[in-house]
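Subject: Handing over a structure

Hello,

Here is the structure I promised to pass on to you.

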Amino acid sequence: MSAPSRDFGSPGNRDVVLEPSVFYVCQRCTKCCKWPGDVRIGEDEIAPIAAFLGLTESEFIGRFTRLRSNRQGLSLIEKDNHECVMLDGDVCRIHPVKPEQCAGFPNKWNFPGWRRVCEAIPVPLE
Ligand code: SF4
Ligand code: SF4
């Protein structure tokens, strides 16, 4: 299974294919935590994540974020192997307050070919 290219995995992607009659249930395979690229942090997501980690907002920003590739906002940093800095084994350290980008994939945004790289199981909605 090939990894997506560097410009995959963005909520800003215009080629999203959403299926209103299906909900994809995440299997926590963590593949989407290992793709290269930005993990966007919204302005309103900084405080809850910092608080969850027991850090001040400044500490959180300084230790765990960088400018996004388009320099318009913050992203979580990644490890040398491209895993998200918040991935600890197969667990997200900030799962209860994880960014909307993470919580929204693949049901609220996705990209062409996403089914090839995500193990989420489709469940028909009533
Ligand atoms: S959304 Fe898909 S790729 Fe991400 S952890 Fe869940 S099943 Fe895996
Ligand atoms: S914040 Fe959590 S869910 Fe989002 S990419 Fe990082 S480890 Fe994965």
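**What I found**

The protein has 3 helices and 7 strands. Please keep in mind that this is a predicted model. Reading from the N terminus, the order of the elements is β-β-α-α-β-β-β-β-α-β. The protein has 126 residues, and 20% of them are buried. If you take the contacts between residues at least 6 apart in sequence, 72% of them join residues at least 24 apart.

**The helix pair and the core**

Let me start with helix H1 (residues 43-53) and helix H2 (residues 57-64), whose axes come within 9 Å and cross at roughly 90°. H1 is therefore roughly perpendicular to H2. On the H1 side, the contact is made by Ile46, Ala47, Ile49, Ala50 and Leu53, and on the H2 side by Glu57, Phe60 and Ile61. By class, the residues of this contact are 7 nonpolar, no polar and 1 charged.

Which residues have the most contacts inside the largest nonpolar core? They are Ile49, Phe60, Leu76, Cys84 and Met86, in a core of 13 residues. H1, H2 and strand S4 (74-76) are the elements that give two or more residues to this core. Leaving aside residues up to four places away in sequence, Cys84 touches Cys33, Val39, Leu76 and Glu78.

Glu43 and Gly73 are 30 residues apart along the chain, and their C-alpha atoms are separated by 7.9 Å.

**The two ligands**

Around ligand 2 you will find Cys33, Val39, Leu76, Cys84, Met86, Leu87, Cys92, Ile94, Lys98, Pro99 and Cys102. That shell divides into 10 nonpolar, no polar and 1 charged residue. Leu76, Cys84 and Met86 belong to this shell, and they are also among the residues with the most contacts inside the largest nonpolar core.

Ligand 1 has a shell made up of Cys26, Gln27, Arg28, Cys29, Thr30, Lys31, Cys32, Phe105, Pro106, Cys118, Glu119 and Ala120. The classes here are 7 nonpolar, 2 polar and 3 charged.

**Backbone points to check**

Most residues other than glycine have a negative phi, and most peptide bonds are trans.

- The peptide bond from Phe105 to Pro106 is cis, with omega near 0°. Pro106 sits in the loop between helix H3 (100-104) and strand S7 (121-124), and both Phe105 and Pro106 are in the shell around ligand 1.
- Arg28 is not a glycine, yet its phi is positive, at about 55°. Is Arg28 buried, exposed or partly exposed? With 13 other C-beta atoms within 10 Å, Arg28 is partly exposed.
- Arg71 also has a positive phi, of about 60°, although it is not a glycine. Its place is the loop between strand S3 (65-67) and S4. Arg71 counts as exposed because it has 7 C-beta neighbours inside 10 Å.

Conventions: Residues are numbered from 1 along each chain as its sequence is written. Chains are lettered from A and ligands numbered from 1 in the order in which they are written. This is a predicted model: local features need pLDDT of at least 70, side-chain atom pairs count only at pLDDT 80 or more; totals for chains, interfaces and linings use all residues. A residue is near a molecule or strand if its C-beta atom, placed from the backbone, lies within 6 Å of it. Ala, Val, Leu, Ile, Met, Phe, Trp, Tyr, Cys and Pro count as nonpolar, Asp, Glu, Lys and Arg as charged, and the others, Gly among them, as polar. Axes are lines fitted to C-alpha atoms, for helices over the stretch in contact, and angles run from 0 to 180 degrees between N-to-C directions. Helices (H or I, at least four residues) and strands (E, at least two) are DSSP runs, numbered from the N terminus. Angles under 35 degrees count as roughly parallel, over 145 as roughly antiparallel, 65 to 115 as roughly perpendicular and the rest as oblique. Two residues are in contact if their C-beta atoms, placed from the backbone, lie within 7 Å. A nonpolar core is a set of buried Ala, Val, Leu, Ile, Met, Phe, Trp, Tyr and Cys residues joined through C-beta atoms within 7 Å. A residue is buried if 20 or more other C-beta atoms lie within 10 Å of its own, exposed if 12 or fewer, and partly exposed in between; C-beta atoms are placed from the backbone.
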